[in-house]
Every structure is written in structure tokens, then in C-alpha cells.
Amino acid sequence: MELYSSFTPHLKTDLSFSSSLSLFPIQTHSKFPKIPKKIHILAVATDPKELPQNSPQRLLKELAERKKVVSPKRKAPPKRFILKPPLDDARLAERFLNSPQMSLKSFPVLSSCLPSRPLNNADKTWIDEFLLEAKQALGYPLEPSDNYADDNPAKQFDTLLYLAFQHPHCERTNARHVRSGHSRLWFLGQYVLELALCEFFLQRYPRESPGPMRERVYALIGKRFLPKWVKAASLQNLIFHYDDMDRLLRKDREPPVKSVFWALFGAIYLCFGMPEVYRVLFEVFGLDPEAEDCQPKLRRQLEDVDYVSVEFDTRKLSWQDVAAYRPPEDALFAHPRLFRACVPPGMHRFRGNIWDYDSRPQVMKILGYPLPIEDRIPEITEARNIELGLGLQLSFLHPSKYKFEHPRFCFERLEYVGQKIQDLVLAERLLMKHLDAPGRWLQEKHRRVLMNKFCGKYLREKSLHRYIIYSDEVQDAYEHNRRLRNPATTSVQQAIHGVAYAVYGKPDVRRLMFEVFDFEQIQPKAV
């Protein structure tokens, strides 16, 4: 490379470099005349790959590249981590008051699942283009849901159905109100599905233990099986607009399908209730509980010699029977058929035993039972209180006592339904309390509140664990090992919620969870 400078006279000096450069500065012995300080040196820059192997310019370039690798410049933080100044009180109040989440006072759970701001033009474009196809596939009328009256929760169905299809991998998920609204719907929908299938299988298989039932539920709505149901309902093109679902890898196919499936049932539950959940599950998606691949694995069954209620003895109940059932006006319970499915008729032989005299009054006093209900006929009240006492005794009956001779004389079936109803009740509570929280955060909060060790702890704080009925061998084993005893207290806690739901309905489960047992740990503690 030749260097030309603008000073005069031009000096031609030959600089020679050796092939191996040492770490010391190169000294040349040629004598230069004094050069002014301001020199304009013109150089021709070329690609370092084209330069000769021993060229100094190439070596300097490589050194600069190496420095870049060693100490890269810090990147700017993502936008979501940059702290913004908080909104002033007036703008914050205006934002909350204008939010659709504050618009429905008569339906608080539904209101909490609406988007945090009104839908914009991009949202309405999707609605105009795809919503009719979704409603037609699900079997709903095609006219806009805005035509319904204000006191009808179905008025919000179009909005919730739009949010249900905006899974985290689609285009609209960058909008915060869409992303948060969808995640809150799937957070609720997973517990709606679990409770719906739990009640259905408990009534369809009145002699089966919860273990095989859980396997049936997984085989129907486990995430690896959901794409099959979505394809049966012809909804795959609304989830994957540009891809063929069958050609996608499992990791790309299953998360969006699961997210949309759960959110869809959250929206249907909020607008139309549990009967419509059954219709869409079994009629639209075509779930078949008798299919070969939905059967539980074979296991040794204990012989069940006890009776079941008359309504279950003659035939298997279908989903239409469960969805269309309405309890009569003078029914003893809020969910009479569910109570009969969980509490066998033979429990009446336990009336008047030692537990009934010694423990039942104290348990009922701690739980605030019986609730004051004005019945038209006094005998109905008396009969309900007797059945409530038997249900509570069953919820304290550990499997070690009678299960091997009488498989249903233990708390297992009540525990199963109680676990599902407490999941749903807490999910609704968290949605109403945290209006701006996304579904992932609510899921973590939900998990931390309902951890098994905490459920048993709430029961033990009320000293109810001392009324659990164990066999003698298990009683001796548990006497000196608290860790063995804790899972049993958790199960009893959930079985109590199952009794409360079957006898008095969901409001009583809320009362037990948040007033009696204080699941959220917000009540003042006695000093």
C-alpha cells in the first residue's frame, strides 16, 4: 500500500515489514525531515480478506474485530423493562372507569374477563372476517350478540369469543388488552373443563374410584389429544391461519390449540353456564367417553357389594342427562344427584355411632352448620341436616378404615369433586380481585394458595384433624409421623368442600374457603 501526503517536497521512503510481527513496536532507521503536525493522509480501504497475509492494515482490522467480540456494547433494554412515569390520579381514574371490566355490576366474574380497554379497529377487523365462521362451527346464531338485553350475560359473547381465539402465537397478541384478556379466559377455562368432566364421570360411573376417572379425563382433554377435537369441529383454520396444523411439530401445534380450547370454554361458561359447556364438548367437539383410547388402564378392582342410588342403578347417564338435569323445587340439596353419586345409601348404617354423637356436633359448630334455610316443610330441613351429617362423616372417613370391604365408604369421591370446585372458586376470586393481572400470574398465585401443604394446614389450624377416622394400624403409624398424616388432612379439607358444594352449592364453598378456613390468610390472627 502506498501512502501519499499533501506536503512538499514528496519523499519516497520504502517501509519494509517482516513476515512475523513481534509484540514490540517496529523501529525503522530511515531519517525523516520534520513534518508539520496537520497532515492529510489519503488511504484506500479495501476488504481485509483481499489484503495480503502480512499486511498491517489486515492485522489491525483483525485486532479490532477481536476486541468487539471480547467486550460487546451493551444493548438497550427491551421496552417493557423501561420504567414509565406513573399515571396521575385523574388519568388513572378515567382509565379504570372507562374500562369494560367495570361495566357489568351484576356479573362480576364475566366483567373481570372482558378486555381492559374497548376493542379497536384491528380487533373489529378480525371479528368481521372470522367471527361468523367460529359461531357457525360452534352452533351459535350468527346475529351479533349486542342484540341481547343488557341483563343477559350472552351480550358479551362476541367479545369473549374473539379473545378466546387470540392465542399467544397469533398476530394480535402484541396488543396488551388482547393478550391479557385471552390469558385470563384460559386460566378460568381449564378449571371449568375439569369440574364439568368430574361431575359427569362421577354420575356416569357411580361405583368407580377417582383414579380411573382422572385417566379418562386426561385421555379426553390432555393436550396431546386436543388437536383431534379441534379438527373435528373444523376450527383449525381459525387457530392457524397460514399453516397446515397436521404438518406442524407437536411443540408448535399443541400449545396454541390448548390455549384456545381452554379459553373457549371459559367464554362459554361465563355467557351460557355449565349445560352449554357439556353441549359444546360432546356435540360440537365430539368427545366420546366410550372410545377405546379413552378407557383407563386395567387394574385390580375391589368388589363393590354396596347399593347405589336408584337413578344410577338402571342405566348409565349420558351427557344430555347431566346437562339437562334440574333439581326439583323441594329438593334437599343444591346438587342432589351429585350428592347421591358421592355418598352411598349405605351410609345410613353409621347414624348414631360414636363419631355421630361425639364429633359431628363439634365439626358442624366449627364449620357453621347447618345453614339457616327456610323450607316450606319442616321435615325437609330435618332430612337435609341428617344427610349433611352423614356426608361430613364420610368426608372424615380415611380409606384405611373400610375401603377394602366397602370401596365407596371413604372420602375419595367427595375429595375429587371438592378439589375441582375449590379450584374454580379460587380462580373466580382471583379474577375479580386482580383485574389487570395476566393469566400466567394468576396461575402462579392460584397454585401457591392451594398447595397441598397449605390446604391441610388450614384444616389443622381449626383442630379438625383430630376427628379423622383411621384404622388402628394407620393410627399407630401416623401417631409419631406428622409427615404421613398431612396428605390425609389435605384430602379431608377438599372432601369438606365437596360436601358443601353438593348440599348448599358454590356460595357455601366460598364461605368455607374465605371466611372459615381463610385460604387467602387475610383475616387477623388471635394473639
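Me: Is Lys420 buried or exposed?
Reply: Lys420 is buried, because its relative accessible area is 9%. Buried means under 20% relative accessible area, exposed over 50%, and partly exposed in between (1.4 Å probe, protein chains only).

Me: What sort of model is this, by the way?
Reply: This is a predicted model, where local features need pLDDT of at least 70, side-chain atom pairs count only at pLDDT 80 or more, and totals for chains, interfaces and linings use all residues. Residues are numbered from 1 along each chain as its sequence is written, and side-chain values use heavy atoms, with hydrogens and water left out.

Me: Thanks! Which residue forms a salt bridge with Lys420?
Reply: Glu194 does, with the closest N and O atoms 3.2 Å apart. A salt bridge here is a side-chain nitrogen of Lys or Arg within 4 Å of a carboxyl oxygen of Asp or Glu.

Me: What about H6, how many of its residues are buried?
Reply: 26 of its 29 residues are buried, so H6 is mostly covered. H6 covers residues 176–204 and reaches 42 Å from its first C-alpha to its last, close to the 42 Å expected at 1.5 Å a residue. That expected span is 1.5 Å times one less than the number of residues.

Me: Back to H19. Which residue meets Glu428 in a salt bridge?
Reply: That is Arg510, at 3.6 Å, N to O. Arg510 lies in helix H24 (residues 506–516) and Glu428 in helix H19, so the pair ties together parts that are 82 residues apart in sequence. Glu428 is buried at 3% relative accessible area, whereas Arg510 is partly exposed at 33%.

Me: And what does Arg172 pair with?
Reply: Arg172 forms a salt bridge with Asp123, with the closest N and O atoms 2.7 Å apart. Arg172 lies in the loop between helix H5 (157–164) and H6, and Asp123 in helix H4 (residues 121–138), so parts 49 residues apart in sequence are tied together. Asp123 is buried, with 0% relative accessible area.

Me: Nice. How many salt bridges are there in the whole structure?
Reply: A search of the whole structure finds 32. There is also a network of salt bridges linking Arg204, Glu290 and Lys316.

Conventions: Helix = DSSP H or I, 4+ residues; strand = E, 2+ residues; numbered from the N terminus.
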